[in-house]
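I opened my notebook for a friendly look at this one. Here is the entry point.

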Amino acid sequence: MTWTTRPRSEHAGLAAVRAGTGRPVLLLHGVGLRAEAWGAQLDALTSHYQLTAPDMPGHGLSPLDAGLETLSDYADRMGHVLQSLNSPAVIVGHSMGAMIAVELATRFPQLVDGLVALNAVFERSSEASSAVCSRASALDGETPADPSPTLERWFGTDQTPQRAACHTWLSEVSPMGYKLAYTAFAQSQKPSRSDLSGIRCPAVFMTGQLEPNSTPAMAETMAEICPGGRAQIVEGAAHMMPMTHPGDVNTALFQFLKEVWQ
């Protein structure tokens, strides 16, 4: 598929791609990306569900809000989107979006029927925490960051349409929007064990077999802590599996959504 720009509308103060009818599904992307990162999911799910994929503040076409310092600040903004939907939703988040999704499930249990956390980070090692915080501190908020190291972590040396699309998005994102979001992501200690143990909706924690940062062990531990959680590992996938392994991700989403809303 191609990763072309999709039409947006304003939704709860953010730019969002909206498509389909039916039960609401909220799609939350990760740092440096935009709603189009969900292109394969938007194409597959639109005929069955009402999809809302907002651009994170300072990403895509969404304005950069003041006062964004922590992951909880971003969850506040996405909470406005969640509250504006017409009924309780299933939240699907990727990377930082997955960490926000977990927080929303703990804050708004009455508005969340299910949670899918893709490539979520949990209890980083001290070495990993030091590395990600170092990358965040190197961002000046004025100069566009070189996307090459990020793309190397996500895709290795593979030159693919998915890599090219991410290169474009990372190059075009607001430098300050990227710095603020990456800093919040790097410094966050969420989700906590207490957050996970308090989730009452069904939840899937899914990551790639080859993912070095949001590891299979993290997904399995989160699923063990969450009362209604289960883990799913995608063979041969790494960090960008919604784009690189859409068949596996979409099949898992369809199965989960049917279970939640049977």
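I am working with a predicted model, where local features need pLDDT of at least 70, side-chain atom pairs count only at pLDDT 80 or more, and totals for chains, interfaces and linings use all residues. Residues are numbered from 1 along each chain as its sequence is written, and side-chain values use heavy atoms, without hydrogens and water.

**Overall.** I found 11 helices and eight strands, taken as DSSP runs (helices H or I, at least four residues; strands E, at least two) and numbered from the N terminus. The C-alpha trace spans about 45 × 40 × 35 Å along its principal axes. Buried residues (under 20% relative accessible area, 1.4 Å probe, protein chains only) make up 53% of the 262 residues. I also looked up contacts (heavy atoms within 4.5 Å): of those between residues at least 6 apart in sequence, 78% join residues at least 24 apart.

**α5 and α6.** How do these two helices cross? The axes of α5 (residues 148-155) and α6 (residues 161-172) come within 10 Å and cross at roughly 150 degrees; I take axes as lines fitted to C-alpha atoms over the stretch in contact, with angles from 0 to 180 degrees between N-to-C directions. On the α5 side I noted T150, L151, E152, W154 and F155, which meet Q162, R163, C166, H167 and L170 of α6.

**α9.** Which residues of helix α9 (residues 216-225) are buried? I listed P216, M218, A219, M222, A223 and I225. These buried residues pack against α8 (193-197), β7 (203-208) and β8 (229-234).

Conventions: Buried means under 20% relative accessible area, exposed over 50%, partly exposed in between (1.4 Å probe, protein chains only).
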